[in-house]
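Take a look at the model below before reading on. The text then walks through it step by step.

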Amino acid sequence: MSYFIDRRPNARHKSAVNRQRFLQRYRSHIKRAVEESVNRRSITDMERGEKVSIPTKDISEPSFQHGPGGRRTVVSPGNKEFAEGDRLRRPGGGGGGGGSGEGQAGNQGEGMDEFVFSLSREEFLDFVFDGLELPHLERKQLQVLEETRPVRAGISKEGVPARINIVRSMREAQARRIGMRAPLKRALREAQEALDAEERKDPVLRNPARIDELKSEIARLEKRIASIPFLDTYDLRYNHLTHQPMPSNQAVMFCIMDVSGSMTQAHKDIGKRFFLLLYLFLERNYEKVELVFVRHHTVAKEVDEEEFFYSRETGGTIVSSALTLVNSIIEARYAPEQWNLYVAQASDGDNWDDDSSNCLELLNESLMRKLQYFTYVEITPHAHQALWEAYDTVRAAYPERFAMQQIVQAEDIYPVFRKLFRQRAQG
Amino acid sequence: MMTRRKPIATGSDWNFEALEAYERAIAELAKEYRLDTYPNQIEIITSEQMMDAYASVGMPIGYHHWSFGKQFLSVEQAYRRGQMGLAYELVINSDPCIAYLMEENSLMMQVLVIAHACYGHNSFFKGNYLFRTWTDASAIVDYLVFARSYVAKCEERHGVEAVEQLLDACHALQNYGVDRYKRPSPISADEEARRQEEREAYLQTQVNRIWSTIPPVVSELAQEPLHDHENDPLGLHRHGRYPSEPQENLLYFLEKNAPLLEPWQREVVRIVRKLAQYFYPQRQTQVMNEGWATFWHYTLMNRLYDDGLIDEGIMLEFLQSHTSVVTQPGFDSPYFNGINPYALGFAMFSDIQRICQAPTDEDREWFPDIAGSDWLETLHFAMQNFKDESFIQQFLSPKVIRDLKLFSLVDDDRDDSLQIEAIHDDRGYRRIREALSVQYALSAREPNIQVWEADIRGDRSLTLRHVQDRRRPLGQSLFPVMRYLHQLWGFPIKLESTEGDDIVRRYQWPIPEPTRESA
């Protein structure tokens, strides 16, 4: 007797839990590998998973085994020229290996020392952003009242038939039936008893009028009991829905980059990788992330991605032009009540002499109030200039929502990113 | 009797009707060959599901543990990179017998797998004495369900990490979890769950009884030389060893005697032990099991062809696939990876058939009992009553030794060169047969380690004895395993390697410090 079952529609990834257990157990190993790879990867490369290798000895499952030494006999196939009693030189090191398979680590060459496996993109990013958080995500969410979603909020007496709660309605009906019948039933019982008592009396003493009266009373009560409805309109209960404000689940990320003559392609690559990390990070926290690219030298301009990263301009730098543009874009397209606004700025720190104070004013007066978070990375090996100092005062004013770091070379990107978004102790 | 019929299906695409028709045809032939099987539950799965099945060592359900995840990742990696094809089939020793067919397989592969797994392996599971003794096909799935939910419950109650550490320790000893002389009784999951609670309570009282006899002993006094009459006039230490006989089932001993384990921990030890026991026959019948299944898929496919149920195209595809399965590369080939159990097993079963049907003088001399006998009868007898070790000892014929050109090589660390001990000639047949048989003996593959003494009146240390096999020492993994043992036992672990009556090496964990300072 046999039968076939098509299991293909069944859930796959039965091993998902075990896989996670493994990743959890070797977290530190994997994290190290991921960190190395983030710095090694090219810019467009964050979209795929990663191959990770761990030394085999670190994850071995030991059991009692024979070690090398002693005397062993191995039977192997494929004899060509050996004759009984032949003596052979011992190859390389250790015992003969072969045959029984279990004895020693094989001589199958390298690769045996490393346990190699792949992380999916999701798992990879989990490790990349492990321990990081978007600062003050919650606070913003509570302020946003524009969007709502219906949530269950108990039971109500009014509603549309589609939301009727059958269990609660039936329970109400039963309670009502019990409640309404109780006095009638009691009266009925009393009348019945009185009638019985009357009828048991000696015929001489019986009062026919009383009996008639009781009988009609009983009939009346029975009719009343029968007329209690099984289900009445005021038994009905409905699931109540209220509209709860929903946290806005969309974000805009403004990428501001200085494209003046002093920014080399290397600077821009660093900037791009930083933006990319931030983008991936936001993407994990919001359903929808929009990107706005603003580049500037002396004037700012909104551009597409391609132009943003690869065009090159010359001339001086006026940072406030970009901030002004961002401000007007926000006013025109992204109402702060509906959008979580993030600004990431990359620059080499150059700015027109008088402009830094303008930036300071712009940020303090209008921009910072709307933003979720402002990150500024200064890509320079040199000493800080006026812009950094101006921003430093902003940081002092908005310590929770303004962060700035310096990046000297590509290897710093990931550590700096981690520093900017490190999980803060809740307090 | 053979009338050529129309092929049931042609081409390489399969569908359920064709599979069912082939399954019925094979079932009919199997009956003719007296293949007694459990009912078949044939499941079509995807390659991803096959990887899942692989990772859980073929168990349809298992408890969670990182090592299965590791297994999964390595299978996945090898498969994705094309280093390894997935097995076409996977079959589980259960009643009904569950066999997995991958959807990617061609029609030929599916038919082959049905013959190989659903009739070959299945009849082996049902017929072989080791499986009959050690496993209970009807109870295993139930037991797995119980094990999974029990471990999950422990994780909930005691934390994933605590359970994981315990499982790590048990897994290290799982090859020493078999009780070779007692047959386990089958019980279902419900029954198991009910008994488990009773057992928990009972076990703890047992352990308490053993350990309640311990007098408080200062550890220095526990040294052996002090146990003479002068120091122990009351004979407190003259009660003989505990246990009085060496115990080969380490996990069982720990489950019953480890002084500090909590009841739930004992139960987990037991679960690992029970599952190890379930796999115990598989480890000892690899050559036979694969050989038997391969012999039957070969025979059945040929019959299907002879009867006209498969066409030339499928037959050619089959022969190509079969040939690669039973290829045995020579020891010096880059593809050599030990003896191929499919090749050896198939060669031996085919040769038994040959010896029965067309014996030569040599066969008559070597196998007087079976030469010329009924082949089907003899084959069934061989399948039912042996394991690899004894099967080779009994049935490896000079012809198979010659065909495979087997030779045996001695590697002795006291000799500075290797020596060819025997080759495929008259003088060598018996020695090769003997050596190959030993090579498949579990006792030669795994070190023989037993519980020797639990010092219940002294420092509570546990002493194990390792009986060296031809002076082969223990490998590097010894100390990690002793560490796990120590975690389970809770007190020092000692291990003595013996050769003959002499103790040649002693190990101890934790490694004793030369000067102990009290902290």
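Begin with chain A. Its 427 residues include 30% that count as buried. The secondary structure comprises twelve helices and 13 strands. Take the contacts in chain A with a separation of 6 or more: 81% of them join residues 24 or more positions apart.

Next comes confidence. The pLDDT of chain A averages 80, and 87% of the residues score at least 70. Helix H5 (residues 166-200) of chain A has the highest mean, at 91, whereas helix H4 (residues 137-143) of chain A has the lowest, at 49. Two stretches need care. Residues 141-145 of chain A have a pLDDT below 50, with eight contacts in the model beyond near neighbours in sequence. Residues 93-111 of chain A stay under 50 as well, and the model gives them 33 contacts beyond four places in sequence. Where pLDDT is low, predicted coordinates should not be read in detail.

Now turn to chain B. It is divided into domain 1 (16-128 + 285-320), domain 2 (334-443) and domain 3 (446-509). The C-alpha centres of domain 2 of chain B and domain 3 of chain B are 35 Å apart.

Finally, look at a helix pair in chain B. Helix H11 (residues 286-306) of chain B packs against helix H13 (residues 341-357) of chain B at about 65 degrees, with the axes 7 Å apart. The crossing of H11(B) and H13(B) is right-handed. H11(B) contributes residues including B:Trp292 and B:Phe295, and H13(B) contributes residues including B:Phe346 and B:Phe349. The residues of this contact are ten nonpolar, five polar and one charged.

Technical notes: Residues are numbered from 1 along each chain as its sequence is written. Chains are lettered from A and ligands numbered from 1 in the order in which they are written. This is a predicted model: local features need pLDDT of at least 70, side-chain atom pairs count only at pLDDT 80 or more; totals for chains, interfaces and linings use all residues. Helices (H or I, at least four residues) and strands (E, at least two) are DSSP runs, numbered from the N terminus. A residue is buried if 20 or more other C-beta atoms lie within 10 Å of its own, exposed if 12 or fewer, and partly exposed in between; C-beta atoms are placed from the backbone. Two residues are in contact if their C-beta atoms, placed from the backbone, lie within 7 Å. pLDDT is the predictor's confidence in each residue, from 0 to 100. Domain bounds come from an automatic or database domain assignment. Axes are lines fitted to C-alpha atoms, for helices over the stretch in contact, and angles run from 0 to 180 degrees between N-to-C directions. A crossing is left-handed if the near helix is turned anticlockwise from the far one by less than a right angle, and right-handed if clockwise. Ala, Val, Leu, Ile, Met, Phe, Trp, Tyr, Cys and Pro count as nonpolar, Asp, Glu, Lys and Arg as charged, and the others, Gly among them, as polar.
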